[in-house]
Every structure is written in C-alpha cells, then in structure tokens.
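Morning, everyone. Please take a look at the model on the screen, and then we will walk through it.

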Amino acid sequence: MDNATEETNTNGTADVSDSPEADQDTPESSGLPEPTLPPKPFEPVFTVKVTDAAKDGEVVKYTLKTTKIKSDSEEYKVVRLYEDFEWLEHCLITQNNIGGIIVPPLPPKPSTTAQSAEARSKKQLGNKKRHGSDDDEGNDIKLVVGDEFEKDCRSLEKYLHLVVTHPILGQDESITKFLTVREAPTRAKLKKSIFSNLSKAVGEARKGGHKDVNEFFQKERDTVNEVSVQMKEAKENFMKIVYGEQRVAVGLSHLSTALHLGGQLQEGADVVVNKLFTQFSEGLEDAKQGLEVMAVNDENTLGFSLDLYSRYLEAEKEMLYRRTCKMMEFEAASKAVEKAKPQKREMAVAARDKAEKEFEDISKAAEKELKNFHHQRVLTFQDSLVRHADAKVKAARDTYALLTKCVTALKTLDTSFKPL
C-alpha cells in the first residue's frame, strides 16, 4: 500500500488527503455531525457455575465457580447461602431502574428440615399404608425422597446466568462483588409482610383492568395473563407425570423385593418357580431403573423450563404492572394540568412533563425487553423439547435392551425338575 501511494505521488497526481476538495467533504469542515455508530450489544463479563451444595445444619452452602470471560486466568471460587442470593436480588432491584426490566425470578428457597423433606416425599411418592392398616398413626411405610440439592444448584445457576447476561443487571456492581469477593456481602434481614403482598395483589387487580393507550402493550398484558395460567397448569400436570413415574418405580421395587422373598420351599416345582421369580425380579429392577432415569430426565429438561417460565411470566406481569402504574400517573398528571389554577399551572405542567418522560422511558425499555424475552423463551423451549425427546428415546432404548435380555433369560431358563 505504501509503495503504491508513493508511486502515484511521483507521477504528479495530487494526494487526496492534501486536496482542498477533501477538506470540504470532512464533517468538521462541512459542519455536519460525526456519524454515530449503533451501540454494541452487551457482552457478559462472567460465566458462572454452581458446582456443589453441602448441608450444614439447617442451611445449605453453595459453591460458585466464576470465570472472567476476557481473562481465562481469572477464576473465583466463593461459597454462598440462599439468603445471600436473596440479598443480591434485593440489591439489583433497589439499585437499578427496573421499571421496564423483567427481573429474573429467584428460585424458591430449598427445604432443609426433616418435616419439609417428608412433606415433599408424600407429595411425590404418596402416603402408602401397610396391608390391613386403617389408622393414620404408626403404620405408614416411609417413602423418603433424597435431598434435591443438585436440582437447586441448576436453578440457582440458571438465575445467575440470566442476571450476568442481562444488559442492565449484568453491569451492576453488586453481581460483581457477589461472584468475586470471597466473603459474603453484609446483608440486612429482609422481611416479607403478608400485608404488603396483599396490598400489591389488590393494586394489581385494580390497575390491571385499566385500558392501555398502546395496542402492543394491551395485547401483551392480555396474552401474559392467559399464558401464565396455562404455563402453571402445564407445569403442575407435567410434574404429576414425573411423580407418577417415581411412584411406579417404587412399586416395581417393592414387587421385585417381594418376589425375591416370596418363595421359601426348595423342593420340586417350587425351586423352578423361585428361579423364574428371581429372574423376573431382576427384569423388574431394570424396568424400575429405566423409569427412574426417565423421571430425572423429564424433570431436568422440559420440567425445568416449565418451572422457570411459570415464574418468569409472573416477573413479566410485574414489569407490565409497573408500566401501567406509570401510565396512570401520567394520565393523572395530564388531568391535573387541565384543572390547575393559573398560579399552580407551571408546577402542574412540570409534573406532567416529568411523568410523560418517565412513561416514555419505561415504555421504550419494556418494548425492547419483551422482544428479547420472547425470543429467548422460544429458544429455551426449543432446546428443552429436543433434549426431552432425545432423553426419552435413549432411556426407552436402554430399558428395551435390558428387558429383552431378561426375556431371553426367562426363555432359556432350565425349568426341569423331579416330580415328587
């Protein structure tokens, strides 16, 4: 390039940078503003994984491993309690203008007590009675589901991923400290009042019916109210299928054990029958294992996404509610201008202009947020449905292979015996 430039200049052609015409075309000489480039898309600073969870008394400690994306050598390992996550959520909400933001929902607090574990087990596996028992005390067969800390780790990891990839929340200093500072942040005790929740519900019911001035947002409000109910029902019904698979797996385990222990006589045909029962019980164990794998896969794929978005849609409703409140403030301020007396009109106009700007800002942010939210929701469900179907096929094939092996063993079992 440099040689070509020098050659041109030696041939007598004027250098473009030195020509008067070039000076006239520059933005500075023409008085035109510099062309503005579109803002760069937000790039997350961190990737984070919740690698472990350990119970310590009545609390669960979660181990977080964070990597700074642009510096692979910078890794941070911190331990956090669920209350630390609650404090992080509080800081993100109070330290940012979340008017037009769909704040990622924090998963519910995991159960750590024996009573809550027993209640969860009864919900999932039922409350099985011993044969012949009619009373409610002392005769239940205790079916206990183990701690689900792995599931909690996935839920909290997803929450952190949604926060660090958000263009506003991901730049907050609170998330940086939460992920990188070894000592947990000092937190105040957060109290959730039942009366404040009731007041909020009443306010949403009252303002939720207020007609929106923007057709896009009115349609969005109507849609999310309907879809959120359907999503909750879908999640509950899907989890009934998962719990049903778990119950059948427990029943197969009991039946397998009973067949193992059922035969006591070791003479004549009883010996052969016991061999058949023993072989068949192994097949039941294989079927039980297949159902357990299916239940876990179902919950980790489609069940996980249904649970997440049943909560995420509620967060969308809260954002739309905040925007509706701003809209009503602007409408009230506009009416106040019309009714204002001359000496107070200037103040009323200023209040109206402020309310109008706030409403326009939240509407602009909300429209962008909603488009990103729905795009991500489609991609998430596409991925979870594909993984759900793949896992179903794989588990079915594995179970089929094991049961085929059991059938072959039953067919080839030596059933000869000496009659009495």
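**The chain and its cavity**

Buried residues make up 34% of the 420 residues in the chain. Buried here means under 20% relative accessible area, with a 1.4 Å probe and protein chains only. This is a predicted model: local features need pLDDT of at least 70, side-chain atom pairs count only at pLDDT 80 or more, and totals for chains, interfaces and linings use all residues. Residues are numbered from 1 along each chain as its sequence is written, and side-chain values use heavy atoms, with hydrogens and water left out.

Next, the fold. The chain has 11 helices and 3 strands. Helices (H or I, at least four residues) and strands (E, at least two) are DSSP runs, numbered from the N terminus. Along the sequence, the pattern reads α-α-α-β-β-β-α-α-α-α-α-α-α-α.

The structure holds 1 cavity of 30 Å³ or more. A cavity is a set of points on a 1 Å grid over the protein atoms alone, where a 1.4 Å probe fits but cannot get out. The largest cavity has a volume of about 40 Å³, the space filled by probe spheres set on the points, which are joined across faces, edges and corners.

Which residues line the largest cavity? They are Pro105, Pro107, Ser155, Lys158, Tyr159, Leu162, Phe304, Leu308 and Arg311. Lining residues have an atom within 4 Å of a point. α6 gives the most, with 4 residues.

Key. On a 1 Å grid over the protein atoms alone, a cavity is a set of points where a 1.4 Å probe fits but cannot get out, and a pocket is an open set with protein on both sides within 12 Å along at least five of seven lines; lining residues have an atom within 4 Å of a point. Buried means under 20% relative accessible area, exposed over 50%, partly exposed in between (1.4 Å probe, protein chains only).
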